[in-house]
Amino acid sequence: MGVGGPGALGLKRVEAQARACTLCTPVLPLGPRPILQVGKRARLLITSQAPGTKAHLSGIPFQDASGIRLRDWLGLDEAIFYDPDCVAILPTGFCYPGRLPRGGDAPPRPECAPLWHPRLLPLMPEVRCRLLVGSYAQRLVLGPGSLADRVRRHEEFLPRYFPLPHPSWRTLAWAAKNPWFEAEVIPRLRQVVREVLAG
């Protein structure tokens, strides 16, 4: 059976398959490097956009300024954030998608989530809350809608989901125009994260 039981072995097998995926190779400017973090006992799941260039180079999700900002929002240090038995990370697209002609990252590849999320999610049965970080993640899970509206109405999606903006530098200006985010959403987010990880 193995140390982690058959479910853990199944998760490791599918994770290895996902990390070896080359489906989008022809359209990925830096080539395929699927980046994800999964664990059979993970209780918090982060679904985000897609890795940036720094994450692509390191192979570690949120290995950049946005990761520092996200960990601050969550009230988590790196040890917990990168512990797959606590936190799983399944981006909407596992590989860096490149840049748009006028700047900014291109959208996550549309082939990725439909191919891998249904295979991985059932193998993480302990997940209690899924953070939907950014508009792409929210559209994937909740369908079309306003990011700001969903973030403001976060209580309506609990306990299953918690909608959040993407923690990029662009969010600083958005947060300044929407002071309720730091005043109301961040404290509630930290409370939910503590409760979820405490079981």
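User: How much space lies in the largest pocket?
Analyst: About 880 Å³ of space lies in the largest pocket. Keep in mind that this is a predicted model. Its lining has 32 residues, and the ones closest to the centre are Gln49, Asp105, His166, Ser168 and Arg170.

User: Which helices each supply at least two residues of that lining?
Analyst: Helix H2 (53-58), helix H3 (65-74), H6 and helix H8 (170-177) each supply at least two residues of the lining of the largest pocket.

User: What makes up the lining of the largest pocket, by class?
Analyst: There are 15 nonpolar, eleven polar and six charged residues in it.

User: What about the second largest pocket: what volume does it have?
Analyst: The second largest pocket has a volume of about 220 Å³. Eleven residues line the second largest pocket, and Ala8, Lys12, Gly39, Lys40 and Asp85 are the closest to its centre. Sorted by class, that lining gives four nonpolar, two polar and five charged residues. Lys12 lands in the charged group because Lys counts as charged.

User: How many cavities of 30 Å³ or more are there?
Analyst: The count comes to one cavity of 30 Å³ or more. The largest cavity has a volume of about 130 Å³. Its lining has 16 residues, with Cys21, Leu23, Cys24, Cys95 and Cys112 closest to the centre. By class, the lining of the largest cavity has eleven nonpolar, three polar and two charged residues. Why call it a cavity and not a pocket? Because in a cavity the probe fits but cannot get out, whereas a pocket is an open set of points.

User: Which other strands pair, and over how many bridges?
Analyst: S3 is joined by four bridges to strand S4 (residues 161-164), and the two run parallel. Leu131 has Phe162 as its bridge partner in S4. S1 and S2 are parallel as well, over three bridges. There, Ile46 has Ile89 as its bridge partner in S2.

User: What makes S2 and S4 the edge strands?
Analyst: Look at the order first: the open sheet has four strands, S2-S1-S3-S4, with parallel pairing. Strand S2 (87-89) and S4 each pair on one side only, and that makes them the edge strands. From one strand to the next, the twist averages 20°.

User: Which helices pack on the sheet?
Analyst: Helix H6 (residues 135-142) packs on the sheet, touching S1, S3 and S4, with its direction at about 130° to that of S3. Helix H9 (residues 180-198) packs on the sheet as well and touches S1, S3 and S4; its direction makes about 145° with that of S4.

User: Last one. Why is Arg119 called partly exposed?
Analyst: Buried means under 20% and exposed over 50%, with partly exposed in between. Arg119 has 39% relative accessibility, so it counts as partly exposed. Arg119 is found in helix H5 (residues 112-120). Leaving aside neighbours within four places in sequence, Arg119 is in contact with Val14 and Gln17. The C-alpha atoms of Arg119 and Ala50 are separated by 18 Å, and these residues are 69 residues apart along the chain.

Note on methods: Residues are numbered from 1 along each chain as its sequence is written. This is a predicted model: local features need pLDDT of at least 70, side-chain atom pairs count only at pLDDT 80 or more; totals for chains, interfaces and linings use all residues. Side-chain values use heavy atoms; hydrogens and water are left out. Two strands pair if DSSP finds at least two bridges between them. Axes are lines fitted to C-alpha atoms, for helices over the stretch in contact, and angles run from 0 to 180 degrees between N-to-C directions. Contact means heavy atoms within 4.5 Å. On a 1 Å grid over the protein atoms alone, a cavity is a set of points where a 1.4 Å probe fits but cannot get out, and a pocket is an open set with protein on both sides within 12 Å along at least five of seven lines; lining residues have an atom within 4 Å of a point. Grid points are joined across faces, edges and corners, and a volume is the space filled by probe spheres set on the points. Buried means under 20% relative accessible area, exposed over 50%, partly exposed in between (1.4 Å probe, protein chains only).
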